[in-house]
Amino acid sequence: MFGERLLRARSAAGLSMKQLAEKAGVSANMIKKYEHNQSVPGSDVLVKMSRALNVRNEYFFRPTQVELKNIEYRKRQTVSAKMLAQIHADVIDQAERWLELTNLWPNFPVPHFSQPDLPDERIESYQQIEHLADCVRQQWGLGHQPITHLIDVLESHGILVIVTDVAHSEKFDGCQAMVDAIPVIVISAKWPGDRQRFTLAHELGHLILHHCLSPHLDEEKACNRFAGALLFPSCAVFQHFGTRRSRLEDQELYLQKMDYGLSMMACIYRAADLTVITEAKRKEMIMQFSVRKWRKKEPGEQVARESTTLFPQLIFRALGEGIISEGKAAELMGMSLVSFHRERKLGWSDDHSYQ
């Protein structure tokens, strides 16, 4: 197990055996032996490797080991195998810490994921997906208002959301997998909020629609339709844009982007999906976006990025309820005990004792 963890941490750090060996003061052949479990490093070498790999010593001896199953990366052709290895290693590390925390609780206060109760009939058209998205909103108590924080919604329904901050992960288009029967959705911390949210909703679409679609429907297109309908439901589109328009103002698109948290271009697609504008008008507006270079970066403020807060909340709750020690909490957070204690006390430093 030590060797596998070392290999994973080295992949996550993007270091070759030779580079890690130089930082640890050993030969590259020695690193190879460590990774093949043919030798175990002494404490001095272990400390140097931990610093080089930006992990705590305890990482190498963590009792929980997970495997990502049914993993599906949605990536661009420019994403290298090295970057995917780094993302994979980061996802495994975060999932392991989540499961270790889960196993420490007598009764973990997060429900298991269960499929929403949807109509039994097979989906024969993309228009039917509008109704399914409305059903999910209704069953999850979301109404028709903007979803303020989509990660919170997914996590509260048993989906593990992992936000990876690996270098250059903005080129990565998302990932879905299973860990111990827990659905996992992975997004990048480097994306703007509208892209994060659309990817989260799109991956939820894969999770919900996978076995419901007729063979003649394209699953990626169906999940895009689901994502748009979940984030900007049809009744809201008609309320804000009307039922039939010859054109849409840029400011209209921008205001709905900031309200509903999806891109201006996605708002155009929603209007076309619901025939508020014609397909010809959609193509014309997308062409204008290309000319203005808005497809790469839209004007104005960006939708705020989302992050997960459930994991640290559960760590502090477990600490408060006496389920874990401060040392274990620091380890799960990937922080030194001193740094964690400072964060725990919100910077207050009159008590320097540790539990």
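Tutor: On a 1 Å grid over the protein atoms alone, a pocket is an open set of points where a 1.4 Å probe fits, with protein on both sides within 12 Å along at least five of seven lines, and its lining residues have an atom within 4 Å of a point. The model is predicted, so local features need pLDDT of at least 70 and side-chain atom pairs pLDDT 80 or more, while totals for chains, interfaces and linings use all residues. Residues are numbered from 1 along each chain as its sequence is written, and side-chain values use heavy atoms, without hydrogens and water.

Student: Which residues lie nearest the centre of the second largest pocket?

Tutor: The lining of this pocket comprises 38 residues. Those nearest the centre are Asp90, Asp93, Gln94, Arg97 and Met333.

Student: Which helix gives the most to the lining of the second largest pocket?

Tutor: Helices (DSSP runs of H or I, at least four residues) and strands (E, at least two) are numbered from the N terminus. Elements that each supply at least two lining residues include helix H1 (2-13), strand E2 (160-164), helix H14 (310-320) and helix H15 (326-333). With 7 residues, the most is given by H5.

Student: How many residues in the lining of the largest pocket are charged?

Tutor: This pocket is lined by 36 residues, with Arg195, Phe198, Ser263, Met265 and Ala266 nearest its centre. Asp, Glu, Lys and Arg count as charged, Ala, Val, Leu, Ile, Met, Phe, Trp, Tyr, Cys and Pro as nonpolar, and the others, Gly among them, as polar. Beside 9 nonpolar and 6 polar residues in the lining of the largest pocket, the number of charged ones is 21.

Student: How are H5 and H15 oriented to each other?

Tutor: The axes of H5 and H15 (lines fitted to C-alpha atoms over the stretch in contact, with angles from 0 to 180 degrees between N-to-C directions) come within 9 Å and cross at roughly 150°. Angles under 35 degrees count as roughly parallel, over 145 as roughly antiparallel, 65 to 115 as roughly perpendicular and the rest as oblique. H5 and H15 are therefore roughly antiparallel.

Student: Which residues of H15 make the contact with H5?

Tutor: Contact means heavy atoms within 4.5 Å. H5 contributes Arg97, Glu100, Leu101 and Leu104, and H15 contributes Lys328, Glu331, Leu332 and Met333.

Student: How are H2 and H4 oriented to each other?

Tutor: The axes of helix H2 (residues 17-24) and H4 come within 8 Å and cross at roughly 125°. H2 and H4 are therefore oblique.
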